[in-house]
Amino acid sequence: MTDQPHREGKVARAGGSELAHAYAVRLLQHLVVPTFVIDPQRRVVVWNRACERLTGVAASEVLGTKRHWEAFYETKRHCLADLVALGEQDKIGELYTQHTVSTDGSLGASAENWCVMPKLGNHLYLAIDAGPIHDDDGNLIAVVETLRDMTDHKRAEMALKTLAAKDALTDLANRRSFDQALEMEWSRGLRGGKPLALLFADVDHFKLFNDRHGHQSGDECLRAIAGVIGKTAIRPTDLATRYGGEEFAIIMPETDMAAACAVAERLRQAVMELDIALGDPSAGSIVTLSIGVAAHVPGSNEAGPDWLLGQADQALYAAKNLGRNRVISADTMLADFAKLHPGKAAASDLLRATKR
C-alpha cells in the first residue's frame, strides 16, 4: 500500500515530462528562428518550419537521421551541434572561420560560416548558435542549434573591404594593399625559400600628356594602362596595384628575374599597342612605360621588403635615365648604363643618383 503513492507520483511526473516535451516541440516548430535539435546520438528530433524555409529541406527528410549536414554542405562534415554533442568544441576552429566557445563548454558555442545550401543552390553566410540541454543529473539529452541568415550583412562588409583595398580611379589594388601584400609575400618567400619579383612601372612624360590633353584625358589614360596591367598580372597570386600618381607596381610571388622581365616586356609592348597619342613629337608619338624589375629569394640577413622595393625603384630610375620606354633589371642596370654611356664615372653617377 505504501508504494502506491510513490508509483503514482512517478507516473504523474512522467506524464508531466511528456507533456512538457510535446509543448517544447510545438513551441520550437512555431519559432521564427530557424532551429533544429539533435539527440545525444546526433539524430534529428526537431526540424522547425523556419529551418525548412531557410534550407529548402523538409523535416520529413531529416527527422530520425544524422543527415542534417546535407542541408548546408555538399560533402559530409560535422555541424556545430554535432561538435557540441560530441564534446569536441576544440575542433570548431577547424571548420568555422569565426567562433566562440564557453569556458567549460556547458553553454555551447557560437560560430559563423559560409554554407552552400545544396537544396536551394545558393550560398548563405550563417551565424550559428548551438547549446546543450542536460537533465537534473547532468546527462546530455539534446543539443539545440539556431541559425541566422547574415548573408546581406556579410556581403556588404566584404564590399566595403574590397572598396577600401582598391584605387578609386583605376580599380587596381591601392597603395595600402600593396604595402600589406609585399610584407606578406616577403615573409612567405622567407619561409618557403622561393623568389619574389617586383615590377615598378612609370608612365613616360605623363605630366606633358596632362598639360597637353587635360586631367580628364590623363585619368582616361591611366585607366587604360591600368586595364593592361591588370590583364598582365593574370595569376591569382600576382597583385597589380596603383602605387601612386602615374606609378604602378606588380607583386609576383615565386617568380625569378628572367620570368619577371619577360612579363615586364609584354606589359611594355601592350601599353605601346594602346597607341595613345602623346601629342609632342619631341618626346615620342605615343604614351609608353618605363619598368624596373627586381627579384630575390628573401633571406634572414636581408633588411626586408623595403630593400626589394628600393631595388625595383633604382631599376626604374635607370630605365628613365636610359631613354624611357624600356625594361631594366636591378641585376643589370649598371651594365646597361655602361653600354649606353661608356666609362666608370657614368656608372658611378647612376649608382649615386639611384640612392635618392
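Modeller: Let me start with a term: a nonpolar core is a set of buried Ala, Val, Leu, Ile, Met, Phe, Trp, Tyr and Cys residues joined through side-chain atoms within 4.5 Å. Buried here means under 20% relative accessible area, exposed means over 50%, and partly exposed lies in between (1.4 Å probe, protein chains only). The model is predicted, so local features need pLDDT of at least 70 and side-chain atom pairs count only at pLDDT 80 or more, while totals for chains, interfaces and linings use all residues. Residues are numbered from 1 along each chain as its sequence is written, and side-chain values use heavy atoms, with hydrogens and water left out.

Biologist: Thanks! Which residues have the most contacts inside the largest nonpolar core?

Modeller: Leu199 and Ile225 do, in a core of 32 residues. Its suppliers of at least two residues each include strand 7 (196-203), helix 9 (215-232) and helix 10 (257-273); helices (H or I, at least four residues) and strands (E, at least two) are DSSP runs, numbered from the N terminus. Another core, of 31 residues, lies apart from it and has Val44 and Phe72 among its members.

Biologist: What does Ile225 touch, not counting residues up to four places away in sequence?

Modeller: Val203, Phe248, Val271, Leu274, Val287 and Leu289, where contact means heavy atoms within 4.5 Å.

Biologist: Now the charges. What makes Lys166 and Asp171 a salt bridge?

Modeller: The term asks for a side-chain nitrogen of Lys or Arg within 4 Å of a carboxyl oxygen of Asp or Glu. The closest N and O atoms of Lys166 and Asp171 are 3.7 Å apart, so the pair qualifies. A search of the whole structure finds 16 salt bridges.

Biologist: Which residues are linked in a network of salt bridges?

Modeller: Asp202, Asp204 and Lys320 are linked that way.
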